[in-house]
Amino acid sequence: MSLKGKRIGFGLTGSHCTYDAVMPEIEKLVNLGAEVMPVVSYTVQSTNTRFGDGEDWIRKIEEVTGNSVINTIVKAEPLGPKIPLDCMVVAPITGNTMSKFANAMTESPVLMAAKATLRNNKPVVLGISTNDALGLNGVNLMRLMATKNIYFIPFGQDDPISKPNSMVARMPMLSDTVYAALEGKQIQPVVVERFRD
């Protein structure tokens, strides 16, 4: 299967330390011929951290995709009926966003785009990055894993000694996961060993 001509939404949420791992994957999707439509949470837009300023990340995303970011719920809503996506990727998806998605909340542009994609019976690919996957958020992770049309980039513990509840997706497996999701399959194994680099 080719990604040429596929319209892929790409949502980023507030796991700022993961953006460097995600940007090459966005570029890879573009190079594979996909039209990538970036969608960002309010946190991505407005937060400056030691990993970079929100304004700079927005500029980089727009340069790589050639599209303006979708940064409001109103702008994200048409991704359901008027501008349907072939696939929606959310990477990184934080524990906070994951819990809201698992409980059907729509309080950000990223969640609106993801829910609109599910409404159209199209795949949503999640790349988790959360310190709480094996803690209180575990129930939300399992709920999403059991939901039709939701697929996961393989993930594992990133630092089992210092942060035993933390799990992070293997972002270099993003495009392979998208290919599988477009065929209605979850790439396996989904739970992998992923120790800190």
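This is a predicted model: local features need pLDDT of at least 70, side-chain atom pairs count only at pLDDT 80 or more; totals for chains, interfaces and linings use all residues.
Contact here means heavy atoms within 4.5 Å. Asn 120 sits in the loop that joins α6 to β6. Setting aside neighbours within four places in sequence, Asn 120 is in contact with Leu 79, Gly 80, Pro 81 and Pro 84. Its relative accessibility comes to 27%, so Asn 120 counts as partly exposed, given that buried means under 20% and exposed over 50%. Asn 120 and Met 98 are 22 residues apart in sequence, and their C-alpha atoms lie 20 Å apart in space.

Helix α6 itself, residues 109-119, is mostly covered, with 8 of its 11 residues buried. The buried set runs through Pro 109, Val 110, Leu 111, Met 112, Ala 113 and Ala 114, and picks up again with Ala 116 and Thr 117. Just past the end of α6, Asn 121 adopts a positive phi of about 60°.

Beyond its neighbours within four places in sequence, Ser 108 is in contact with Tyr 42 and Ile 73. Cys 87 is 21 residues away from Ser 108 along the chain, with 18 Å between the two C-alpha atoms.

Ser 108 also turns up in the lining of the second largest pocket, together with Thr 13, Gly 14, Ser 41, Tyr 42, Thr 43, Thr 94, Asn 96, Thr 97, Lys 100, Glu 107 and Val 110. The elements that give two or more residues to this lining are α2 (42-46) and α5, and α5 gives the most, with 3 residues. The pocket holds about 150 Å³ of space. By class, its lining has 8 polar residues, 2 charged and 2 nonpolar.

The largest nonpolar core has 55 residues, and the members that touch the most others are Phe 10, Val 89, Leu 126, Ile 128 and Phe 152. Strand β5 (residues 87-93) supplies the largest share of this core, 6 residues. For Leu 126, contacts beyond four places in sequence are with Val 90, Ile 93, Phe 101, Leu 144, Ile 150, Tyr 151, Phe 152 and Ile 153.

Leu 144, one of those partners of Leu 126, belongs to helix α7 (residues 138-145), where the buried residues are Gly 138, Asn 140, Leu 141 and Leu 144. These cover an arc of only 165° around the axis, which means that they lie on the same side of α7. The buried residues of α7 pack against α5 (95-102), β6 (124-130), β7 (150-152) and β8 (155-157).

Leu 174, Ser 175, Thr 177, Val 178, Ala 180 and Ala 181 are its buried residues. Their cover includes β1 (7-12), α1 (19-31), β5, β6 and β7. After α8 comes Gly 184, which has a positive phi near 75°.

Terms used. Residues are numbered from 1 along each chain as its sequence is written. Side-chain values use heavy atoms; hydrogens and water are left out. Buried means under 20% relative accessible area, exposed over 50%, partly exposed in between (1.4 Å probe, protein chains only). Helices (H or I, at least four residues) and strands (E, at least two) are DSSP runs, numbered from the N terminus. The arc is that of the directions from the helix axis to the C-beta atoms. On a 1 Å grid over the protein atoms alone, a cavity is a set of points where a 1.4 Å probe fits but cannot get out, and a pocket is an open set with protein on both sides within 12 Å along at least five of seven lines; lining residues have an atom within 4 Å of a point. Grid points are joined across faces, edges and corners, and a volume is the space filled by probe spheres set on the points. Ala, Val, Leu, Ile, Met, Phe, Trp, Tyr, Cys and Pro count as nonpolar, Asp, Glu, Lys and Arg as charged, and the others, Gly among them, as polar. A nonpolar core is a set of buried Ala, Val, Leu, Ile, Met, Phe, Trp, Tyr and Cys residues joined through side-chain atoms within 4.5 Å.
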